[in-house]
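Hi,

Here is the structure I promised to pass on to you.

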There are 2 protein chains.
Amino acid sequence: MNPHSFFVQQVISALRSVLGSKPVALHEPSFAGNEWLYLKECLDSTYVSSVGKFVDRFELELASFTGAKHAVAVVNGTAALHVSLLLAGVKPGDEVLLPALTFIATANAVAYAQATPHFVDSEERSLGMDARALRDYLSSTTEMRGGHCINRSTGRVIRAIVPMHTFGHPVDIQALLAIAHDFQLQLIEDAAESLGSTVDGRHTGTFGLLGTLSFNGNKTITTGGGGAILTNSDELGARAKHLTTTAKLQHRWNFVHDELGYNYRLPNLNAALGCAQLEQLPSFLDSKRLLFDHYRLAFSAVTGVRLVAEPEGCRSNYWLQTLLLDETLVDQRDALLTATNDVGLMTRPAWKLMHRLPMYSNVPKAPLSMAESLERRLINIPSSSGLVPFVP
Amino acid sequence: MNPHSFFVQQVISALRSVLGSKPVALHEPSFAGNEWLYLKECLDSTYVSSVGKFVDRFELELASFTGAKHAVAVVNGTAALHVSLLLAGVKPGDEVLLPALTFIATANAVAYAQATPHFVDSEERSLGMDARALRDYLSSTTEMRGGHCINRSTGRVIRAIVPMHTFGHPVDIQALLAIAHDFQLQLIEDAAESLGSTVDGRHTGTFGLLGTLSFNGNKTITTGGGGAILTNSDELGARAKHLTTTAKLQHRWNFVHDELGYNYRLPNLNAALGCAQLEQLPSFLDSKRLLFDHYRLAFSAVTGVRLVAEPEGCRSNYWLQTLLLDETLVDQRDALLTATNDVGLMTRPAWKLMHRLPMYSNVPKAPLSMAESLERRLINIPSSSGLVPFVP
């Protein structure tokens, strides 16, 4: 094994100064609240499945925390995105704008709706969609026809835009809302990573027509697997509930379904875990913010790397802490990933950009130079809440 | 309120003689085993999500119990059907044969695969697909062309057949396998309701190319929400795992997905419940069989109604106990449903037949006279394991 470069040694030292000498996961959940109590209560009730008090309560508490008028709990963030796209009117053959730098779920949900992902670039500041570049791109490559935004190259309708709040850092949502307005696009926020993140005090996922959350095991709070749809529309809230519960009409005993629906309801068992986790969310957020402060101090002395901070005017949940290497050091990225993981400090690069995956290699895309730069330079470092003790 | 007819009074008396005087649900789970222990162990491990020891163990134990070479745990039975259809090669524009008398999931999964359900009739004996009628129907309405079964009316390929083991009673699987062979159809068994049911000692769901299970809250065992894909093919087992875990390639840190996949993995938390439930399955099956014996005795004196028994050569799990009214008494069905539910004895009719639902009203269908008769005559009665104490 080659000795590590000075740069790699410096990064490992900075991580160790915050995390200590034991192995550390990238992100693991903490179950120090009422998890066990609520799971037991759920079992004792025998309501572990698609109905029960915890799933209703989880929805109410999610709505309350985020300020959304309605929250509909589903099996995972992917399902939330899929149904949100359908509710936004995305039709087979449409195109949907989304960042090339995202988790696979954003693109797959578009494919499930039989639409085509159309990838756009990100900005370095928020790691999310670059609104300025997007406006220029749409202005020069699309035309409005019959109230729809038409991709001049493909002739297809661009129906919607799905910005994603990357690693919890809010995207420039106001600029994107203006673009959605000007180009007649439905805006759905992929807030899978940004529970607890706000823009001017308003929760991410509540700006668009619909927003989606995820409670996967690696997220800020977890339900095992789970997600939610947020909306301020009474009609869309009711439709979301209907479509995610197999479109079954309410009746004492009849089984009648009035449209193509989905078996996407979050089980009550998973919601029980979610209720306990949600109670601890404020302290998780405090703890993750404190971890950022510790990392900021530790990395202030390391040349060639920048710790990503929340954009101005925004509050980030700091879901995954992120380092960006200088372009001059990108040839050190793989050595850094190997060295850190080898010593038990879990790190990972960005997702492979969507347009490089075989199933999405032939879809429309804007110039993606910043997404490609971020892909080369980005490393996530250990981010669990509770890594540094927070004392209120 | 009108006084009940003599027939309705007789049925209520028969139910009361078995169930006693307290309110009784149609089917509720029993958590008298290691449920709490395993859930706590799962929480303590912090692995509540898509990886963990319980989900691997649950798969191994399902394979062992059913005799399938591979079992792949997923979020629900609908997801299991969806992926099984894709694995069986069902393509957009294909037709898939399924019973009109089934739960909505069977038909919806076909729609998710962008194929068209093609409904066929059921037989009174098993409540499942009528193999004899199906062979006649296919012989007179299809032709073989290029090794495919072509629907002469629509010109489309009929790619697959999805028999369902209704309320746990095994369908005439050998006759259907012969039809699948002769007409070049892939056979997928919807065994969502038949965990524990066998044909000639072999578990349902293991005869077809693929089989699917459900562990919804109302099933013989539950994981909250959950399901599984069964197969004896190493290749299909590996493909099922890959497609249900977002088609992500294994790597220490890279996120690369090589095809369109699905976020369908059963969370470890739900699998922990499943492992505890599976340990009790043999006793649940004994108890449900004993309940059938009690009902058989109680209903032997009631004229005009028949309790459905397992088909010859088969062992049913007796998931939902089923009464069939004589045709002369079908005008009593709604009064019976109302009267029983009003006194706290939960009963329900068959699902509304699939071809009567708006989204499936214009798809191909065979003559459905028996399914329509069964729909008029069928009532499910309380069926939980543990309603009558089983002493080994």
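This is a predicted model: local features need pLDDT of at least 70, side-chain atom pairs count only at pLDDT 80 or more; totals for chains, interfaces and linings use all residues.

For chain A the mean pLDDT is 96, with 98% of the residues at 70 or more.

Let me start with the sheet. Three strands of chain A make up an open sheet in the order E9-E8-E13, and their pairing is antiparallel. Strand E9 (202-203) and strand E13 (314-315) of chain A are the edge strands; each has a single partner strand, so one side of each has no neighbour in the sheet. Strand E8 (residues 198-199) of chain A is joined to E13(A) by two bridges, and the two run antiparallel. If you want a place to look, Thr198(A) sits opposite Arg315(A) of E13(A).

Now to the helices. In chain A, the axes of helix H1 (residues 6-19) and helix H10 (residues 333-342) come within 10 Å, crossing at roughly 40°. That angle lies between 35 and 65 degrees, so H1(A) and H10(A) count as oblique to each other. The crossing of H1(A) past H10(A) is right-handed.

Which residues make the contact? H1(A) brings Val8(A), Val11(A), Ile12(A) and Leu15(A), while H10(A) brings Ala335(A), Leu336(A), Ala339(A) and Thr340(A). By type, the residues of this contact between H1(A) and H10(A) are seven nonpolar, one polar and no charged.

Methods: Residues are numbered from 1 along each chain as its sequence is written. Chains are lettered from A and ligands numbered from 1 in the order in which they are written. pLDDT is the predictor's confidence in each residue, from 0 to 100. Two strands pair if DSSP finds at least two bridges between them. Helices (H or I, at least four residues) and strands (E, at least two) are DSSP runs, numbered from the N terminus. Axes are lines fitted to C-alpha atoms, for helices over the stretch in contact, and angles run from 0 to 180 degrees between N-to-C directions. Angles under 35 degrees count as roughly parallel, over 145 as roughly antiparallel, 65 to 115 as roughly perpendicular and the rest as oblique. A crossing is left-handed if the near helix is turned anticlockwise from the far one by less than a right angle, and right-handed if clockwise. Two residues are in contact if their C-beta atoms, placed from the backbone, lie within 7 Å. Ala, Val, Leu, Ile, Met, Phe, Trp, Tyr, Cys and Pro count as nonpolar, Asp, Glu, Lys and Arg as charged, and the others, Gly among them, as polar.
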